[in-house]
Amino acid sequence: GKLVRKELDAAIVDVQGVGYKVFIPLNVYSRLPTLGVDLILYTTFVIREAFQALYGFLDLQERELFEILISISGIGPK
């Protein structure tokens, strides 16, 4: 999708007219392209009792490490 907004902890991505808020780590924020540019974020959709959220990464290895870490008991996505 197209990057429409950057925040320190999130990116807003427009995918065919639907805006998605994707939470990102700080190292991803510093590597995001300029607004309006197409990008691919590799995402994980996390569903917990109190919330649902998308977490995004610029490469698959970052996402895979994130998924390993959140699978450990007591470690949350934030």
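Reader: Is Gln16 buried or exposed?

Author: Before we start, note that this is a predicted model, where local features need pLDDT of at least 70, side-chain atom pairs count only at pLDDT 80 or more, and totals for chains, interfaces and linings use all residues. Residues are numbered from 1 along each chain as its sequence is written, and side-chain values use heavy atoms, with hydrogens and water left out. Buried means under 20% relative accessible area, exposed means over 50%, and partly exposed is in between (1.4 Å probe, protein chains only). Gln16 has a relative accessible area of 83%, so Gln16 is exposed.

Reader: Where does Gln16 lie, and what is its phi near?

Author: Gln16 lies in the loop between S2 and S3. Those labels come from DSSP runs numbered from the N terminus: helices are H or I with at least four residues, and strands are E with at least two. S2 and S3 form a hairpin with 2 residues between them. Gln16 isn't a glycine, yet its phi is positive, near 50°.

Reader: How many bridges join S2 and S3, and in which sense do they pair?

Author: Two strands pair if DSSP finds at least two bridges between them. Strand S2 covers residues 10-15 and strand S3 covers residues 18-23. Ala10 stands opposite Phe23 in S3. The count is 6 bridges, and the sense is antiparallel.

Reader: Zooming out, what pattern does the chain follow along the sequence?

Author: The secondary structure comes to 2 helices and 5 strands. Read along the sequence, they give the pattern β-β-β-α-β-β-α.

Reader: Why is the chain said to be as compact as a globular protein of that length?

Author: The C-alpha atoms fill a box of roughly 40 × 25 × 20 Å, taken along the principal axes. For the radius of gyration, taken over C-alpha atoms, the globule rule is 2.2 Å times the number of residues to the power 0.38. For 78 residues that rule gives 12 Å, and the chain is as compact as a globular protein of that length because its radius of gyration is close to that, at 13 Å.

Reader: What share of the residues count as buried?

Author: The accessible surface (Shrake-Rupley method, 1.4 Å probe; for residues, only the protein chains shown count as cover) comes to about 5,200 Å², and 57% of it belongs to carbon and sulfur atoms. Of the 78 residues, the buried share is 29%.

Reader: How many salt bridges are there?

Author: A salt bridge is a side-chain nitrogen of Lys or Arg within 4 Å of a carboxyl oxygen of Asp or Glu. One of them joins Glu7 and Arg5, with the closest N and O atoms 3.1 Å apart. Another joins Asp38 and Lys2, at 3.2 Å from N to O. By this rule the count comes to 4.

Reader: How far apart in space are Arg31 and Leu58, C-alpha to C-alpha?

Author: Arg31 sits in the loop between H1 and S4. Leaving aside neighbours within four places in sequence, Arg31 is in contact (heavy atoms within 4.5 Å) with Leu58, Asp59 and Glu62. Arg31 and Leu58 are 27 residues apart in sequence, and their distance in space is 8.4 Å.

Reader: Which residues make the nonpolar surface patch?

Author: Patches are made of residues with over 30% relative accessible area and no salt bridge: like charges are joined within 9 Å, and nonpolar side chains (Val, Leu, Ile, Met, Phe, Trp, Tyr) within 5 Å. One member, Ile75, lies in the segment after helix H2 (60-70), and Ile75 counts as partly exposed because its relative accessibility is 36%. The patch has about 430 Å² and is made by Leu65, Ile68, Leu69, Ile72 and Ile75.
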